[in-house]
Amino acid sequence: MVRLIDYQATEPISMVNNNNPIAIPHSPNHIVLAAICITIPKNANKNHVELIATVGLRGVSGTSQILFKIFRDGKEIFSAQEGVESDPTSEVNYIATFQAIDTNVKKGSHLYELTAENITNGTEAAVVGPISFSGLAIAHDDEGRDL
């Protein structure tokens, strides 16, 4: 058996808006797109935090490689990469959705942050929305049965 111990979600941008793009900085700089706080109680030793992120992107120039990272309390725990083209005869708007699972998180409150950075020099990309970031924390019962 499992039990829900916490759920948090945020949606800083709820729809596509090409008129107000947010530039994605080049590495090593990054932008924090969203943050949530998940609390793990002391009696939830066997736990998982399932993190799901969705980010709307737009290619501005060239073909950018966008590196997304998720941090827990300032420590990187996950990364994913998405290519974004700017060719107006092809795709210029993209939706990147990904999932990360953080296991056996220590008790207490934890800050999860979703970041983005452009790792391709000479290109430009932007966030145009939507952005959503959610975390679902579950704990296993003491019988040790898995999901």
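**Figure 1. A polar contact joins the side chains of Asp-6 and Gln-8 at 3.0 Å.** The model shown here and in the following views is predicted. Asp-6 belongs to strand β1, which covers residues 2-13. A polar atom of the Asp-6 side chain also lies 2.7 Å from the backbone nitrogen of Thr-39.

**Figure 2. Asp-6 is buried and has no salt bridge.** A salt bridge requires a side-chain nitrogen of Lys or Arg within 4 Å of a carboxyl oxygen of Asp or Glu. When neighbours within four places in sequence are left aside, the residues in contact with Asp-6 are Cys-37, Ile-38, Thr-39, Gly-135, Leu-136 and Ala-137. Among these, Thr-39 also supplies the backbone nitrogen that lies 2.7 Å from a polar atom of the Asp-6 side chain.

**Figure 3. Strand β4 is joined to strand β9 and to strand β7.** Strand β4 (residues 47-61) and strand β9 (residues 124-140) run antiparallel, with 13 bridges between them. Strand β7 (residues 93-103) is also antiparallel to β4, and 11 bridges link this pair. Val-49 illustrates both pairings: its bridge partner in β9 is Ala-137, while in β7 it stands opposite Asp-102. Ala-137 is also one of the residues in contact with Asp-6.

**Figure 4. An open sheet of 4 strands has the order β3-β8-β5-β6.** The pairing within this sheet is antiparallel. Strands β3 (31-40) and β6 (75-84) stand at the edges; each has a single partner strand, so one side of each is left without a neighbour in the sheet. On average, neighbouring strands of this sheet are turned by 15° against each other, direction ignored.

**Figure 5. Strands β5 and β6 pair over 9 bridges.** Strand β5 comprises residues 64-72, and its pairing with β6 is antiparallel. Within this pair, Gln-65 stands opposite Gly-83 of β6. In a regular strand, side chains alternate between the two faces of the sheet.

**Figure 6. The chain as a whole contains 9 strands and 0 helices.** Along the sequence, the pattern reads β-β-β-β-β-β-β-β-β. The C-alpha trace spans about 55 × 30 × 25 Å along its principal axes. Of the 147 residues in the chain, 40% are buried. Among contacts with a separation of 6 or more, 82% are between residues 24 or more positions apart.

Definitions and conventions: Residues are numbered from 1 along each chain as its sequence is written. This is a predicted model: local features need pLDDT of at least 70, side-chain atom pairs count only at pLDDT 80 or more; totals for chains, interfaces and linings use all residues. Side-chain values use heavy atoms; hydrogens and water are left out. Helices (H or I, at least four residues) and strands (E, at least two) are DSSP runs, numbered from the N terminus. Buried means under 20% relative accessible area, exposed over 50%, partly exposed in between (1.4 Å probe, protein chains only). Lys and Arg count as positive and Asp and Glu as negative; His and the chain ends are not counted. A polar contact is a pair of N or O atoms within 3.5 Å; within protein, one must be able to donate a hydrogen and the other to accept it, and residues adjacent in sequence count only if both atoms are side-chain atoms. Contact means heavy atoms within 4.5 Å. Two strands pair if DSSP finds at least two bridges between them. Axes are lines fitted to C-alpha atoms, for helices over the stretch in contact, and angles run from 0 to 180 degrees between N-to-C directions.
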